[in-house]
Amino acid sequence: MKLNSPLQVYKYLPQINCAECGDATCMAFAAHLIDRSKKLDDCPPILKDEYKKKYVELLSLLAPEIREITIGTGEHARKIGGDDVLYRHQLTFFDPTAFAYDVWDTMPEPELVERVNKIANFRKFYVGKFLKVDMVAVRCVSGDAIKFAGAVKKVSETTKLPLILCSFDPAVLKAGLETVRDKNPLIYAATEKNWGEVSELALNYKVPVVLFSPDLDKLKSLALTFKEMGIKDLVLDPGTYPQGKQLKESFERFIKLRRAGIKEGQKDIAYPIMSVPLNAWLVYKDAVTASYWETVLASVFTVRYGDIMILHSLEPYAMLPEVHLRDTIYTDPRTPVKVAPGVNEVGSPTKDSPVIVTTNFALTYYTVESDLSSNKINCYLAAVDSDGIGVEAAVAGGQLTAAKIKDTFQKANFEFKEKTSHNTLILPGLAARLQGDVEDVTGLRVMIGPPDSGRIPGWMEKNWPPKPK
Amino acid sequence: MINNGKWDVIMAKKIKLSELGSLFGGEIQALEGVKIEGDVEIDLGQPGMNPQMAYALGHETTQIALHLMNISRILGYPVDQMLGGQAAAPKRLTKLIESRFSVGKVEEWKTPIQQVILGATSSDGGTRKSTVTLGGESALPYYFDAPMPHRNYITMDVFDMPINMAKAVKSNYEDVMNSPAEWAKKVVRDFGADMVTIHLISTDPNIKDTSPAEAAKTVEEVLQAVDVPIVIGGSGNPEKDPAVLEKAAEAAEGERCLLASASLNLDYARIAEAAKKYNHVVLSWTQLEINAQKELNRKLMKQCGVARENILMDPTTAALGYGLDYAYTNMERIRLAGLSGDTELNFPMSSGTTNAWGAREAWMTSSPLKDDSDWGPREYRGPIWEIVTGLTLSLAGNDLFMMMHPTAVQVLKEITQTLYGSKETEPVNIDNWVSAVI
């Protein structure tokens, strides 16, 4: 965005402190616009006609450096692009890389449906939410427009996820577009050869379109030409070569495009970038090797500026690291990583329920909490203030100590004699070396739990209730 | 106004499209007696239209839209404002607009990363056959701004006693677990380790409380077993480590080993002193905190007098899904600060990539959560967890990787050396990837 202080934004706002946006003052709202935690449309007065001019001006000044485009419709519509910085610590990255997994038009229908469902139903629980994947890319392998349209139809009947229609043949793309004309699919791709006809499709069907060329001069030419024709929802594919010097050069093109777009403000190429890790399958035929290498390519381009990618492997060992790395890179570094220290109830604990200790590192805490609640273990869970550091590191670094554990229960007014029948506390397995200290400091019986909270259910079966001494 | 590409132009009455072309064919100076009331909606491009028709009509509608806007402008209606100041109408082009792409290099990267050599050959007073040079970068890793002078290196873990480890890892070492020397030989000979890390974990008073003198013997055995540079790791016990590393440093005098680690919560001065006295390199270890890293580096240099070429940093590696976001950004910030002139941070970095195996996704048989999709076989999950953790940090600027699984080592080497530029392969044509049969 072109503005960098709340004061600059404030000048364009109504300055009436009506608080309709939820902030007490226009200046506070301006600060939220700068850190992008609120949108201009959250301000009802500025939407009125009298402010129209300022609204339009401010909207363009607040627009992210990289164009944000939408693929698909309804609740599954997905935005890509929208970034303002080159490094996540400078603000945060917006619109996590959209992961599209492929299907192709020569698949037998039952297989096609099964594969689409697998893509749509993938989920991995993580810190209070599910990590999922976003889109289905339909590839035309047959070369037959009718066959392609049939596959697109079947996919769109099976899932509401946004689609990418993939073919270099405009007639094939058109057949696909006819089938899902109201679903706002992304079309792949316009090239140096077919751009005239593909641009017609983008205009006629009003859909976002990918421009493909590993030559950045040509890619920029295509982008300029499309923009001139009024097509602004563009995605750039500078080519993802799967190995060797070609891969190194692919990597460099991603860096160059994004640097030009954000650091140098080159609007002509400031569009979302697409990567195709699927190309790993062009060189590796063994499924495990290809899946591994595809995951490697996906990782490189998740870290360095891929806004959308097309992938093939649905193996859990490929998808799990992919979704986790995307979360790693796109997690907002500005949000706190700690939970409030204290003693919390999980389920409905009674006097016979265990009392379990963990740290206040959000990730640790939520992991333990979800392991307990999903296995329906009623208990007390203490989040000890370890400065937001995980158990193992906090024990090594002295942030998790017997004194801190005692302090946590005292501050929470948690009396073991009153609240429990067993006077016992369970330490994480990775904090086993604190056992003696904790016994001395608290006078409680101290048991050592498993090193990973996923094993608490099994541990409970063997060890709980504690046997009388 | 533009709504989803539809141009709503305000006009007096409805006019047939065909009439419009002739009506406004020439220059229009003014229009009288036309009131602006109703809406005429001109839709550019009807989905499903015959392409030729659409093309022809497209031309017409484009022209009409332009004309209509002109009329509005003449009548004083703020067209440009309505359109957000971008009133350019779509038009068909028959030739690509020629263009050249260019982008500048990053000017602020003026300070190179310190170069650090691990290992010493006989000409330098050691017994290693080869040495490993880290650092020297003048840009983020693999960037085009400046070539990376040295590739990434991998040191593989060896422990001085059998330890618990993930099944997928353990199966590779069962035959050598009781002999650190054999273990070291195996990782160099069979798994392509550039270096070996000997972890003296048995010295922990809570484990075996092995004496520093005995631990030093293990180090000597490893030095005799392999001729690559080595890392000497303590047990992580802050009371015991300084004594253990001191004795080990003495036993390895002149070999330019990496002593792991000096940290703020132990007697780092004693470790620094041992490095200076016996010609080794100090690993400056802090926990995900850039300011602590600055502080410790400063203390090692100013207070302990460790030379710049004898410092490597370990800013802490958290596993993928378990804080890698902090580890990644911490390293990236450290590297950017170093390149931009912070001489307390421009040192090469090392990552305990093995920490990836702490992630339950790396070793657990299946998800403990019933709502998760199937996690698949763990044998494949573990190595890729280690790879992605390491690869992510390599992109942030990490130079040396401490690793465990042979497959993870192979794959990380392959990708980092590809991005570094030393992997030659046959060119691949990706122009028809869309129709590839996979």
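Predicted model: local features only at pLDDT ≥ 70, side-chain atom pairs only at ≥ 80, totals over all residues.

Strand E3 of chain A, residues 98-104, pairs with strand E6 of chain A, residues 135-139. Five bridges link E3(A) and E6(A), and the pairing runs in the parallel sense. To find the place on screen, look for A:Ala100, which has A:Met135 of E6(A) standing opposite.

Now step back to the whole sheet. Eight strands of chain A make it up, it is open, and the pairing is parallel. Read across, the order is E10-E9-E8-E7-E6-E3-E12-E11, which puts E6 and E3 side by side. At the edges stand E10(A), residues 234-237, and E11(A), residues 274-275. Each of these two has a single partner strand, so one of its sides has no neighbour in the sheet.

What does the rest of the chain look like? Chain A carries 17 helices and 17 strands, and a division into three domains is given: domain 1 (6-62), domain 2 (69-330) and domain 3 (342-463). The C-alpha centres of domain 2 and domain 3 of chain A are 45 Å apart. Along the principal axes, the C-alpha atoms of chain A fill a box of roughly 85 × 60 × 40 Å. Of its 469 residues, 51% count as buried. Among contacts in chain A with a separation of 6 or more, 63% join residues 24 or more positions apart.

Chain A also touches chain B, and 91 residues from chain A and 82 residues from chain B take part in the contact. On the chain A side, helix H9 (residues 244-262) gives the most, with eleven residues. That side divides into 42 nonpolar, 26 polar and 23 charged residues.

H9(A) leads us across to helix H13 of chain B, residues 406-420. The buried residues of H13(B) pack against H9 and H10 (287-303) of chain A. From chain B, strand E6 (153-159), helix H12 (378-396) and strand E13 (400-403) join in that packing. Buried residues of H13(B) include B:Val409, B:Leu412, B:Ile415 and B:Leu419, and B:Lys413 is also one of them. The helix has 15 residues and reaches 21 Å from first C-alpha to last, close to the 21 Å expected at 1.5 Å a residue. Just after H13(B), B:Gly421 takes a positive phi of about 110 degrees.

Chain B as a whole has 13 helices and 13 strands. Of its 438 residues, 47% count as buried, and residues 24 or more positions apart account for 72% of its contacts with a separation of 6 or more.

One last stop in chain B is B:Ala337, in helix H10 (residues 324-339). Is B:Ala337 buried or partly exposed? With 18 other C-beta atoms within 10 Å, B:Ala337 is partly exposed, because a residue needs 20 or more to be buried. Beyond its neighbours within four places in sequence, B:Ala337 is in contact with B:Asp342 and B:Leu345. The C-alpha atom of B:Glu108, 229 residues away along the chain, is separated from that of B:Ala337 by 10.0 Å.

Technical notes: Residues numbered from 1 in each chain as written. Chains lettered and ligands numbered in written order. Domains from an automatic or database assignment. Helix = DSSP H or I, 4+ residues; strand = E, 2+ residues; numbered from the N terminus. Buried ≥ 20, exposed ≤ 12 C-beta atoms within 10 Å, placed from the backbone. Contact = placed C-beta atoms within 7 Å. Nonpolar A, V, L, I, M, F, W, Y, C, P; charged D, E, K, R; others polar. Expected span 1.5 Å × (residues − 1). Pairing = 2+ DSSP bridges.
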